[in-house]
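Here is a short report for a reader meeting this structure for the first time. Keep the sequence and the model in view while reading.

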Amino acid sequence: MAVYKVKLDQGVVPTKDTLIQLGDSINVYPIAIGTWQWGDKHVWGWTPEAEKDAKEAFDAAHKLGVPFYDTAEVYGDGESEKELSRFRKVYSAEEQEKQIIATKFFPHQHRTQFPAVLFSALKDSLDRIGIHKVDLYQIHAPIHPAAIEVVADALADAFDAGLVKSVGVSNYGLGEIERMHAALKKRGIQLASNQVSFSLVRTIPEKDGLIKLCHDLGVGILAYSPIGMGILSGKYRVNDPAPVGREKVFDSLEKGQLQNLLDSLKRLAEKYDRPQSAIALNWCIAKGTIPLGGARNASQVEQNVLALGFILSPEDVAELDRFSFKGVNNDSWKHG
């Protein structure tokens with residue numbers, strides 16, 4: 001297996017055997033499975049009956065050689081983490097070692113007493129997942145009432161306590177990443193990752209220089225919503241009504257530009273003999289990121305894995321760039 005630091009080198013064809021080193025302690029696959037949908041009732045309409053499909057998605061990722069799962073304590077109010085625990089139980093200890101688990105601490109405003117609040121949340125997450133140490137522990141958003149340096153010390157304490165293999169953040173902007181990186185460096189710890197919304201319908205992390213800054217600091221980029229919450233999958237047409245819970249994202253896009261983008265994705269899907277979703281994910285990989293493709297079922301995992309085994313040509317990347325959207329940050333929690 002080839003291991004690349006922070007991101008794949010330009011032009012390298014991603015496969016399940018091309019690993020990426022995040023931080024100093026973990027090697028991850030070039031794509032991951034996002035598990036927000038598992039247990040979430042508000043946006044994704046989860047029901048208990050959907051657990052069977054989620055289990056099949058989990059198993060498919062393991063079978064296809066990309067068992068990298070991203071969850072969070074707030075996904076389904078802990079249900080996503082609990083499902084991961086149930087799904088893992090049928091696997092041997094050796095098989096579980098190959099499964100990479102990332103989860104997140106949500107900085108609610110009442111969580112002010114660091115490091116105690118972080119340790120409490122982390123131990124609850126570990127209990128729900130059924131593990132003693134998590135591969136990657138992330139701060140969900142830069143909205144914590146405590147200073148970044150205080151939160152960094154709490155993450156470092158968790159690392160020193162042997163509860164996490166690596167630490168990351170999510171939705172952090174330029175200045176916030178610099179401060180978190182510097183604070184952890186003082187404790188001898190490399191910030192492993194910054195998880196941000198990045199796709200062809202939200203390229204602001206690249207255009208504002210965040211991706212480059214992170215790479216320069218040795219910080220990997222995990223790209224969530226890499227298919228634009230389904231917009232780029234080919235499942236929806238420009239004038240279709242937005243799915244319930246996703247209206248804001250769908251309705252914010254100019255229809256003519258979106259049609260051009262979808263037409264380009266369709267053309268490239270035919271050229272590379274891949275589904276549109278795989279083209280959108282491969283574009284993320286070509287930009288030096290690790291896409292977290294959400295998957296409700298095994299079929300969606302199988303489509304995501306088709307993003308491996310090829311790399312878009314520079315000309316094809318440029319064509320998609322031409323019709324992409326910049327998107328925006330906000331003052332509440334999405335700073336990156």
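## Basis

This is a predicted model: local features need pLDDT of at least 70, side-chain atom pairs count only at pLDDT 80 or more, and totals for chains, interfaces and linings use all residues. Residues are numbered from 1 along each chain as its sequence is written, and side-chain values use heavy atoms, with hydrogens and water left out.

## The barrel

Eight strands form a closed barrel with parallel pairing, in the order E4-E5-E6-E7-E8-E9-E10-E11. On average, neighbouring strands of this sheet are turned by 25 degrees against each other, direction ignored. Such angles run from 0 to 180 degrees between N-to-C directions, with axes as lines fitted to C-alpha atoms, for helices over the stretch in contact. Helices (H or I, at least four residues) and strands (E, at least two) are DSSP runs, numbered from the N terminus. Two strands pair if DSSP finds at least two bridges between them.

Strand E11 spans residues 290–294. Four of its five residues are buried, meaning under 20% relative accessible area; exposed is over 50% and partly exposed lies in between (1.4 Å probe, protein chains only). E11 pairs in the parallel sense with E4 (residues 32–34) over three bridges. It also pairs in the parallel sense with E10 (residues 220–224), over three bridges. Leu 292 of E11 is the bridge partner of Ala 32, and Tyr 224 stands opposite Leu 292 as well. Elsewhere, E8 (residues 167–170) and E9 (residues 193–197) pair in the parallel sense over three bridges. There, Val 169 stands opposite Asn 194.

## The nonpolar core

In soluble globular proteins, nonpolar side chains tend to be buried together. A nonpolar core is a set of buried Ala, Val, Leu, Ile, Met, Phe, Trp, Tyr and Cys residues joined through side-chain atoms within 4.5 Å. The largest one here has 106 residues. Leu 118, Met 180 and Leu 232 touch the most other members.

Which residues is Met 180 in contact with, leaving aside its neighbours within four places in sequence? They are Ile 148, Val 151, Ala 152, Leu 155, Val 169, Tyr 172 and Leu 191. Contact means heavy atoms within 4.5 Å.

## An enclosed helix

Helix H2 (residues 79–88) has eight buried residues out of ten, so it is largely enclosed by the rest of the structure. The buried residues include Glu 79, Glu 81, Glu 83 and Arg 88. Their cover includes helices H1 (51–63), H3 (93–98) and H4 (116–129), along with strands E5 (68–70) and E6 (100–105).

## Backbone details

Most residues other than glycine have a negative phi, and most peptide bonds are trans. Phe 114 and Pro 115 are joined by a cis peptide bond, with omega about 10 degrees. Pro 115 sits in the loop between E6 and H4.

Asn 171 is not a glycine, yet has a positive phi of about 65 degrees. It is found in the loop between E8 and helix H6 (174–186). Asn 171 counts as buried because its relative accessibility is 1%. Ser 225 also has a positive phi, near 50 degrees. It is found in the loop between E10 and helix H9 (247–251). At 17% relative accessibility, Ser 225 counts as buried.
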